[in-house]
Amino acid sequence: KYKKKTIPPMNRGPKEEIEKGHVFDELLTDMTSSIKSDSWKKGEQVKFDCTELGMYVTGTPDLDYKGIPVEMKTTQELVVKHVKPGVNIGTYKRKWVQNYLPQLAMYSDAKAMDWMLLLLISKRTGQFSLIPVNAHSKLEWLREKWKEWAKDDRIIRFLEQYLEENPDLRI
């Protein structure tokens with residue numbers, strides 16, 4: 001709707017959880033951009049080669065801790081061992097598998113690392129957990145999926161159209 005247009009300012013607060021998450025992310029980005037530390041700094045853009053589809057994607061981990069990429073994610077509540085979760089555990093697991101792991105897998109591979117850190121922050125309580133994550137098995141699974149996609153003419157046509165419009169993303 002607003003492609004190549006200025007987005008008008010909103011005059012009301014966000015109502016949906018995803019919008020609240022974006023607001024929280026902006027706050028965290030603003031806070032972390034002013035870090036003055038020898039150990040912590042703002043994350044740097046990485047380039048992930050998806051050779052199976054002949055393209056690359058870029059992204060920027062939120063932070064860097066002594067050379068280790070750190071991705072920040074917000075959630076309603078943290079799921080803590082031996083504490084009954086106040087959230088739907090199925091939703092939490094789905095987000096972990098579908099949202100967090102693929103991104104962490106590509107970031108850590110792009111940095112040639114076996115693992116990276118996930119900083120998970122509760123929007124409700126402010127509690128946080130810093131979790132070392134090795135997403136190598138997720139990356140292997142993704143690469144197998146991409147090999148399947150590469151055999152699908154419909155997906156390849158769509159991808160070719162996208163790469164024609166964005167030729168600098170082609171490997």
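Which residues have the most contacts inside the largest nonpolar core? I looked this up before anything else. They are Leu-104 and Trp-146, in a core of 24 residues. I took a nonpolar core as a set of buried Ala, Val, Leu, Ile, Met, Phe, Trp, Tyr and Cys residues joined through side-chain atoms within 4.5 Å. Buried means under 20% relative accessible area, exposed means over 50%, and partly exposed lies in between, with a 1.4 Å probe and protein chains only.

Notes on the source. The model is predicted: local features need pLDDT of at least 70, side-chain atom pairs count only at pLDDT 80 or more, and totals for chains, interfaces and linings use all residues. Residues are numbered from 1 along each chain as its sequence is written, and side-chain values use heavy atoms, with hydrogens and water left out.

Entry: Helix α2 gives the largest share, six residues. Helices (H or I, at least four residues) and strands (E, at least two) are DSSP runs, numbered from the N terminus. Apart from this core I found another, of eight residues, including Leu-28, Leu-63, Ile-68 and Leu-117.

I then checked Trp-146 for contacts (heavy atoms within 4.5 Å). Leaving out residues up to four places away in sequence, Trp-146 touches Phe-48, Cys-50, Glu-52, Leu-53, Met-106 and Leu-139.

Entry: strand β5. I went through residues 68-75, and eight of the eight residues of β5 are buried. Ile-68, Val-70, Met-72 and Thr-74 point one way from the strand, while Pro-69, Glu-71, Lys-73 and Thr-75 point the other way. For pairing I required at least two DSSP bridges between two strands. Strand β4 (residues 63-65) runs antiparallel to β5 and is joined to it by three bridges. Leu-63 has Val-70 as its bridge partner in β5. The β4 and β5 hairpin has two residues between the strands, and Lys-66 takes a positive phi near 50 degrees there. On β6, the pairing with β5 is parallel, over six bridges. Val-70 stands opposite Leu-117 of β6.

Entry: salt bridges. I counted a salt bridge where a side-chain nitrogen of Lys or Arg lies within 4 Å of a carboxyl oxygen of Asp or Glu. The structure holds seven. Side chains of opposite charge can pair when their charged atoms come close.

Glu-71 and Lys-73 form one of them, with the closest N and O atoms 3.7 Å apart. I noted that both Glu-71 and Lys-73 are buried.

Arg-143 forms a salt bridge with Asp-109, again reading the closest N and O atoms, at 3.7 Å. This pair links distant parts of the chain, 34 residues apart, with Arg-143 in helix α3 (residues 136-149) and Asp-109 in helix α2 (residues 89-110). Asp-109 counts as partly exposed because its relative accessibility is 32%.

Glu-148 and Lys-145 meet in a salt bridge at 3.8 Å, N to O. They are three residues apart in helix α3, so about one helical turn separates them. Glu-148 is partly exposed at 48% relative accessible area, and Lys-145 is partly exposed at 30%. Salt bridges that share partners join Glu-52, Asp-109 and Arg-143 into one network.

Entry: Pro-167. I placed Pro-167 in the segment after α4. Pro-167 counts as exposed because its relative accessibility is 53%. Its C-alpha atom is 9.2 Å from that of Met-55, which is 112 residues apart from Pro-167 along the chain.
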